[in-house]
Every structure is written in C-alpha cells, then in structure tokens.
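These are my notes on a structure I had not looked at before.

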Amino acid sequence: MSANTKNGLKIPAWLKRREWLLVVLVVLTYLFFNSQAPSIYTFPKLLNQTRVYMVDVGFMAMGILLVLILGDIDISVASIAALSATVMSVTYNAGKGIPFGLSIILMLLVGAACGLVNGLLITKFKELFPMIITLATSTLYRGIAYIILKDQSAGSFPSWFARDLGYGSINILGLEFPIMLLCLLGFIPFYHVWLHHTVSGRYLFAVGTNLTASRYSGLKTDRIKLTAFVVNAMFAAVGGFFLTSRTGSVKYTIGTGFEMQAIAVAILGGASTSGGKGSVPGLLLALILLTALKNGLMLLYNDAFILNLAVGLLLILVVLIPNITSSLNARRNVRRQRMSLAKT
Amino acid sequence: MDKTNNDLKSAHPAREKGLVLEAVGITKIFPGVKALDDVYFALRPGEIHALIGENGAGKSTFIKVLTGIHQPDAGKIYLNGEQVEMTNPLVSRRLGIAAIHQHLAAYPHLTVAENIFICNEQVGKTGFISWRKTQQEAKKLLASLGSDISPGQIMGELSVAQQQVVEIAKALSQDARVLIMDEPTAALSRKESEELYEIVRGLKDKGTSVILISHRLEDTFTLADRVSVLRDGRYIGTWDIKDTNSAMLVNYMVGRSIDQFFPNKTAPIGEELLKVENLSQTGHFRDVSFTLHSGEILALTGLVGAGRTEVVEAITGVTRPDSGQILLMGEPVSFSEPYQAIKQGLGLLPEDRQKQGLLLPWSIEDNLSLPILKTVCSRGLISSDKIRQGGEEAIRRLDIRARGAADTAESLSGGNQQKVVLGKLLAGKARIMIMDEPTKGVDVGSKAAIYQIMCDLAEQGFGILMVSSEMPEVLAMSDRAVIMREGRVSGILSKEEYSPEGILTLMMPLDKKEKESA
Amino acid sequence: MSQIKARDSRLKRFLRQRETGLVLVIIALIALVSLRNPNFSSLSNLQFILGDTSIMIVLALGMMCVLLVGSIDISISGIMALGAMTAGIVMKNNLVQPEAADALRTSTPLILLILISMGVGALCGAINGLLISYGKVLPIVATLGMQYIIYGTSHVISGGQAVYRKDMSEAFIQFTRGSFLGLNSKVWIMLAAFIILYLFITYTKAGRHLYAVGSNREAAQMSGIKPETATLNAHIIMGALAGLAGMMYASHDNKVTQDMAMGYEMYVIAACVIGGVSVTGGSGKILGVLLGALTIGVINNGLTMLRLTGNSEFWKKAIQGAVILIAVVTNVLISRGHRRRVLRERRI
C-alpha cells in the first residue's frame, strides 16, 4: 500500500496505475509487428483496420464494463446485438418499412427491453448467478432473431449507413480516420466523465465493491443494477449497429462470440469479475492493444485461432501478473514488519 | 495506567516446569494492527484455565495461533516442554489440541454427523468412509451431551444453539489433551450449560487440560482453576481463581474501573420517537413490541441467536417483517429497502462493520461521503475537494487515528473503522440511531470514545437503540433494556430494575420442562 | 413419539426431494411430446436420447466437482477439442492401411488413445486449477482465457487440418457404436464414470473435502483442509472427464475439428444447475446432475420431434433458452419454498 520504497524514493500514485503496463504493451506490440512487416503494418493501415477490430467490440465492452464494475457478468450482449440489429433491418425492410431513423430507435428499445429482462431476473432472483441467467437469455434472444430472420440475411440499408459510416473516413492532419472510429472516440470522453466523476457512476463502483454496505448506506442497489443492465444492453445494441454497418447485412449469427471479446477487453482494461474495479482509459488502451495485436497476427498468420490464442494468453497474464506481484509485496511487507519487530 | 501495568507484569508466575502448554512472547501482526503483543500463556495438566478479555482483546486470535490457523510473527509455543511449530491446523490436531471455534467452523450444507467428523473421517476396513459408523459415533457423542439432534440433519437448518452443541461434539470427538472452548455457552440454556460444565469437569478428571473463553464471568467462577486476562492484544496477568473476584477481573479487562470507563449519561428522556408493535417474522422472531424515546438509550439484548439483529434489520428495511407495525413519531411506516428508512431519519450501524458498514478498499473520505454523495457535487460532478474537507473534518471530530483521509478503510484498526461507520451515520439526517453491537471488536480507548459519542447524541435528542450482548455495557449505558429469548421479548426492564442475574435469567433459553409448563 | 413422526415424514421427504421432482418433470415432458409424436416414447428413441445425452452427463459429472468447490470451468469444450485432436493426430500418424480391401484399419490401441485424451484434459484442468487456486485468478476469467488458448493450441498442433473418418481406426469409429444389453456403449461409459465418481464423492476424504471447501472455505482451512488442493483436484477431474467426453464426441461425429463442441459448456452448466448443484458451492447431488442433464437431453430431442411449425429448427433455439430459464427460476422458487418451510418449522 505504501508508496515509499526502501531507499526512500517516492513513486507518485498516478505512475503506479496499471494503465502504464498497457501503454508499454501497446508500444511493444506496434514495434514488434512493424519490424516484422514494415510495409504492411503501418500506423495509417492500422488506423484503417480499427473499424474491424475496435468499434463494435468497443461499444459492447463499454456496456459490459458497467456490469463488471457491479461484480456481475452478462454473456448475452452479443445476442442482444444480433436481435436488435435484426429488428432494425427487418422493420426498415430495404426502405419498404418504417423510416430508418425509427428503426434505429426501435433497435435501441429492443436492446433496452432485453437488458430490462436480464436486470429484472437478476434482481428478483438473487440466488441465481447472472452468468446462468444471461446464459439462458443469450440463447433466447438469439433464438428470437433466428425465428425472425430464419436462415436469411437482411441487407439493403441507406447508403450513409452502409457506405459512409461503414467504410467512409475523414482526413484529419493527413491521416484517414474511419468515421466509425471517430464516433467511438467522440463518445468516450463523455463516458469517462460520467463513470468517474458523477454520482451515478460512483454508485456503480460502490455497489460492486460491497453491495451490502452500499445498501446499508442508503443506495438503491436494485435500481442501480437494473439500470446498469439496461444501459449495458443499449450499448450492445449500438455495437450491433456498427457491426451491421460494417458488414452490410444481418444474419442471426451476427457477432457470435463477441461477448467473450468484450469481456476480455474490459478485464484487460482493469475490470475484475469480482467487481468494484475498472477504468475508461484502461478500456481504451486495451482496445488499442487488441487492435494492434490482432491486426499484426492477422497479417502474419491470417488465422483466427492463433489470434484468439494470443488474446487468451494476454488476458491471463495481465490478470495473473499483478496478482503475483501484489502477493509478493504483501509477503515482503510482513517480513519487513517482522524485522522491525526483531529490532525493538 | 502504566504503573498498574508494571505491577501486574510482576504478578505473572515465573516459568514453571511440567506445563502441558506454554506460549511465550506471542506476537501477531495484521495489516495495520498488532493483534497480539508479547502474549504469555501457561497451561497446567488437568486444569481449567479461563482466558478472558473484552471483545477485540485478542482472545480469538490467540486461539487461532495455538491451533495453527495463524502463524505468529514472533514467539514460541512449547508442548510438554518441547518447542513445536504449529504450521497448520492438522499439526495442532495431531499434537492433541482440539478447539471449539465461534460460528465460523460449521459447514451449513453438510449433515450433523459429517460436520462432527470432517477431517477425522470414520474410515472402514476398505479405506472408504463408513457412513454407518459415522452416524453411530455421532449419535453416541450427541447423546453424551444430552442432545437429541439427529445426526442426519442438515447443519444449516439447525438453530444456533443446536449448532453449538454439534461444535462441542466435534471437539469432544478428537480425544484431545488440550481442549479449547471459545464461547461454548453463548447460545445454550442453563440446563445445557450445566450439562456442558459436567462434561468439562469429567474431562478434567481424566487429565485433559481445558482453555475456556467466555463472556460470562459466572462460567469462569464456577469452572476455572486459574484465569488469564488479555487487554488490547497484551497479556495482563494470570491469577488463581480463588484469589480474584469479579470486580477485580473487570478492572483488569477494561484497564480502569467501570465508573471511569462509562460516561455519565444525563440526557433527559423526551417524546416517543419509535414504536414497534407485535412485529413478527417467520422463523426469526414473534410479537416484538417496544418504544424508543428521544434522549433515551434503549438496550436490546439477548444471547446469540435470540433474534436481536433480525429485529433491527426488519425495522430498518433490510428485511421485511411478516406482521406487526412500526410507528415513527406516531405515523405507521413500512420499509422494503434501507434507503427508505434512512430518508425517514432511521440510521443503522450494522453488526458487521467490515461486510455491512464499509467499503474496505475505499479511502476514509470516500466511505464517509458515500451516503451523502449528492451533496458533495459542484455542477453535477463530484468534487474531490469537498470530499476531502468532509473527510478531514470527520477525522478531527471523531478522533479517527489515521495518517490522512486518503488512507484505506482496511488499513485502520477495528475501533477506527467503527468510528468511520459512525461518521457515515452522523453525516445523514437521522434522529434515531440503531446501533448493532457498537463496540464489538473495538479497543478499549475507542470504546470509551464511542460511549461518549452515544451520550452526546442522546443529549442532542437522538433516540438510540443499542443492540448489545455485553452485560456491563447494557447495565451502564442504557436507560431501559429489552431482553429477548428465542425470538420473543422475555422482559423489558428499567434502570432501577437492573441486575446482572435478573437480565441473564431472562436471556437464557428455557429448558424443555419449563417450556412445557409455559 | 418423535420416531413415529420421523417415519411419517419419510414419504413426504421423498416427495420433496429434487430428484423425485426431476423424474416427474422428465416423465411429464416425455408424455407431452408423445401426445404429438408417439414415436417419441418408443423404446428405441428413449435409448437414443440416453445415448445422446451420455456425453453431456459425463461432462456434467466433472462440472459438478468444479461447482462444488465454488469454481466454474467454461473451457471444457476447448479441452474436449484439444484432447480429441491430440489423440486423433496420434491415431492418424500410426494408422496402418490394410492391403486387403475388406480388412479393417488399425492404429494405436483405443485404450491408449483414450488415456492420451484424458491425460491432455487432466493437464489442461491442472493449469486451470493452478491459475485459480494459486494464481488467484477468478475462475471465469481463468477458464475464459484458457478456452481461447486451448482452442488455439488444438489448431496449432493440427496445423489447421481436421481428422476425418478416413484417418480413424475401425476400433475408434466403433467406440461409440457398440451396444450391450440393448444400451449403447456411450451409456456404459457414462455409467462407469457415474459410479466411479459417486464412490469418490461419497466415500473418500478427498471427495468429501470438495463439499467442505465449497460449504465454508474458512472453516475448511481451519480444520486443515487445503482449499487450493481441493480446487485443483476438482479441475483435474473435470479436465480428464472432458478429455473422455471429447473422444466420445469425436467418435460419434466421425471427425475432429478445431472448433469441436464450441458452446457446449453452457448446456453442461445449465444441467448442473437444474440438477440442484449450487453455483456458490457446497451442495449438489450426483443423481440430481444425471437427471438434470437428462432433462436437457429430453428437451433438446423433444423439440426436434415436436415439429411445432413446418420446420421446428427455427423455434428450437428460442425455446431451449426459455426452457432453461424457466427451469432455473422454478429451481429458485422451490428452494425458497423449502427455506420458508424450514423457518416455519422452527418453534419460537
């Protein structure tokens, strides 16, 4: 705990944050792949690839971060994304249905409804683990998307959605920034301020740190949980929105496995499934790290499995290393106390 | 105080020969606290040795060191003159030390028989566990304790008193040379206690040495041969029981005489604040009624498992009562969540401050600001300056011993943690304070401070409902006492009617005969 | 007097058992589906369901051990794939193509292949267990990461090549196709695993300690049980059983792919929960787990046989989700009722 090291050097708290570990990893990853493939692994190309690896998972991870801060988990986010994207595409129906704007609102509402169901089940049946509940609703939501779409795929969206948002980019200072990425980056500051500097954001951390104590302190813990699950589901729907925009069509299988990726991003960024932890800068860095890593591995191996292997290793190491160092630290502290005892 | 300490130190016996167990210079450090500081303890063969001290004096930690659950940071343990290293609980068991721990030790999902023989499994010829033998042996042991608990019952479904009997059976099953009993009678009826006394005396006659930890001084006086006192993790001394009396022992435990320790409460009793009528909750308590006035400290007392905590939880919206009424200044209210109770001016200081009171990894200031987070904002954003101000002010006002408001709650000692929880309560707008064991596991100095705060609050017109199992605390602090027994109110006494014996009689569970006649 | 009362309530207690309830649910489900499709309750179909569910039961037995100590494993489908893939590669490399056209292909002895797969599984389980008990990584995180790693490893060692029927020895193909006393060999394997695990969990110290650690970790530590060892044991058992299940799955499907059995862990966990295993650890009966898995098996199979709409495939997924949800929620309501009854029986 103490910031003093033995030789009296003081390390400021902001330098001890785990985000620096991620920064170092990002730089190392970039340098490594850049030296392996200097012509194809460059910053502008990486920037262009963010639309594939960063935006949709990023939004889902922002949602799931809220749930992880609470100490819960939601593995139905990818299914929620699929179901809400399905509703969006079916109601718009290639221009023959309702206006696209309305479809988008409907999409968000469907997302919110899914989250509400999750949240209600979780707050009413506290004996059940969120993992089990969202496991079942995950099958249910994707099943509903399957009923709606059968094995067809729905496409034909307005051109601004499928072309501009999906593939367009804006030139800033000579670099081509995908519009999607700008949407994500533009949103993150608001998200950061809300989560880290407002009352409702701090309530999430309080409930995740100690639910009982928060309840005894007068927090409306059930309502906080419910809201978090609804907001999480709406983030998932937004993730589905960007995913659809980049793939151009919706199938019921869309985004399969994204829940694990989103959870992995949030945990890499400093969240813990036991709750009370998580940071937005960490989340952003984790996203950047994964984008740099996945893009590089894809260029070298062109293989999704190897990519996943690397993600898995990273996930475990990033969680394991601080655990080991902190337990070593604790042991050293006790030894020091014992030595000072022997002196007196 | 230092002078008396020195006097006492010289009082403890010089190292003698032929001891069963001797612990010298035991020190145990937990993050931020010295739980045990140079503790000495000697156990003679075939003696019953009481170990007493206030809550938080370090008794349980000391027992955990003796049984190998904690490793001491300094000090040595000798068994029959030989130094031993209790590296884990199995070693201590193999060396013939058995212990009845408070609560912690039960496996709620397993059967009674299995609870008794866990880690001491009754193995058949094939090397497999023999369940028939386990059941039979369990039944025998329970019968020897005069209990009719069925060995096949699930532990979690038993009452606290029954669980305690099972724990005793478990310790007896080990045929130990040294038997440690941590609060064995805390939930037992008088008859059950007496049966236990008989068993303990029988063990003593067989040559077993017993270490007895008990709240009740009467246990100490009826059973023990010698008594050792701990205070704030330090060893105070050891005496032959016949050389002491209860006033002396209390004095040693508290470190000053009672009238110095407890502040003088002068607050006048005013209008009625809270009235509870026939409150019931299935399986926990029934027909509980009492009133609380402004300026009053009302004690709610009873043995472990009597339902005190359940009552205050039902009042403050943590759980819901099944029937009955709660009146707040004459208005009927019903809460389904604690925040509603808090809004209406009911503050709860929960029993378990680490699990229910604090966010341990958070700083003191963040803990203090949690209930009033909305008031420390400027322009919609949380202001860390305001939080810091509030934190520093509370540290000053409540005399919280910490390096600063940014220290984490888990780095504080028990007493200072409790002061932070109190600070959270005081920051709100409560008029009624419900304090569940406010001084549990708190050092003597903080205890006095907390008592002073309670008296000050009463002076300001607060009504305080104090749940407590500490007899001296109930006697000295409260104006009236509601006594509970097995989920019902067995009596309400006013200060003039107080006597330790009278209160204890109302607390003790009724024996079967009494129950049938009742 | 109390003895008469005890005997009297024995019947009640039997009826209140979760296992009894599950049997009734299974019978009701079978009856319900049979109303629409009488073939469903035919002996051959019931035998088919039992065989089909055997793999899930084997996995659920392992999952029960893991849940008992308060852990969880979501990497089991990966372990199945890696175990089967390792054994498959060994089999492929040692395959002897017979010269005569009608002779059978032979390779490494089947028993050795199974041991290889189970060994690989146990190794993966041990890594999971070490990460969780000594590395203090939360079970969901550790096994989620391992899931990725294990699938990746299986891909790397196979070089992206699946093992097909032509690479398999005849013994391996027949491994899940034999039958004895009218029951498929998968059922016999499952029964053997069931009995061994039953003995382990009821009659050995190590088995009982799984319950103790899950029921009260602190108390277990105080009585000298090492929670770390129990957690490690549970994960090793889970891994070995996943290796076995992987072989059954591969032989049944006649192929081993890198993404074999993906998503299977969810059904296995659901089977345990329906069977009455507490996700927080400490309680759960092995018979309940068997019946829980059978319930899911009957539902899955029944949904196909129901032909709700023209092609029931579209509805199957959603109904599966809904049914699992209903099952676990009912589960909670039942145990709440039980708790209330215990409270009411207390005399105050």
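Entry 1, chain C. I looked up contacts first, counting two residues as in contact if their C-beta atoms, placed from the backbone, lie within 7 Å. Among contacts in chain C between residues at least 6 apart in sequence, I found that 78% join residues at least 24 apart.

I noted what I was working with: this is a predicted model, in which local features need pLDDT of at least 70 and side-chain atom pairs count only at pLDDT 80 or more, while totals for chains, interfaces and linings use all residues. Residues are numbered from 1 along each chain as its sequence is written, and chains are lettered from A and ligands numbered from 1 in the order in which they are written.

I then listed the elements of chain C, which has 14 helices and 2 strands. Helices (H or I, at least four residues) and strands (E, at least two) are DSSP runs, numbered from the N terminus.

For burial, I found that 51% of the 348 residues in chain C are buried, meaning that 20 or more other C-beta atoms, placed from the backbone, lie within 10 Å of the residue's own.

The C-alpha atoms of chain C fill a box of roughly 80 × 55 × 35 Å along the principal axes.

Entry 2, chain C with chain A. I found 38 residues of chain C and 36 residues of chain A in this contact. On the chain C side, H6 (139-158), H12 (264-274) and H14 (313-345) are the elements that give two or more residues. H6(C) gives the most, with 14 residues. I sorted the chain C side by class and got 26 nonpolar, 10 polar and 2 charged residues. Ala, Val, Leu, Ile, Met, Phe, Trp, Tyr, Cys and Pro count as nonpolar, Asp, Glu, Lys and Arg as charged, and the others, Gly among them, as polar.

Entry 3, chain B with chain C. Here the contact takes 27 residues from chain B and 22 residues from chain C. Helix H3 (89-94) and strand S12 (285-293) of chain B each supply at least two residues of the chain B side. H3(B) gives the most, with 3 residues.

By an automatic or database domain assignment, I have domain 1 (1-96 + 213-255) and domain 2 (261-361 + 408-517).

Conventions
A residue is buried if 20 or more other C-beta atoms lie within 10 Å of its own, exposed if 12 or fewer, and partly exposed in between; C-beta atoms are placed from the backbone.
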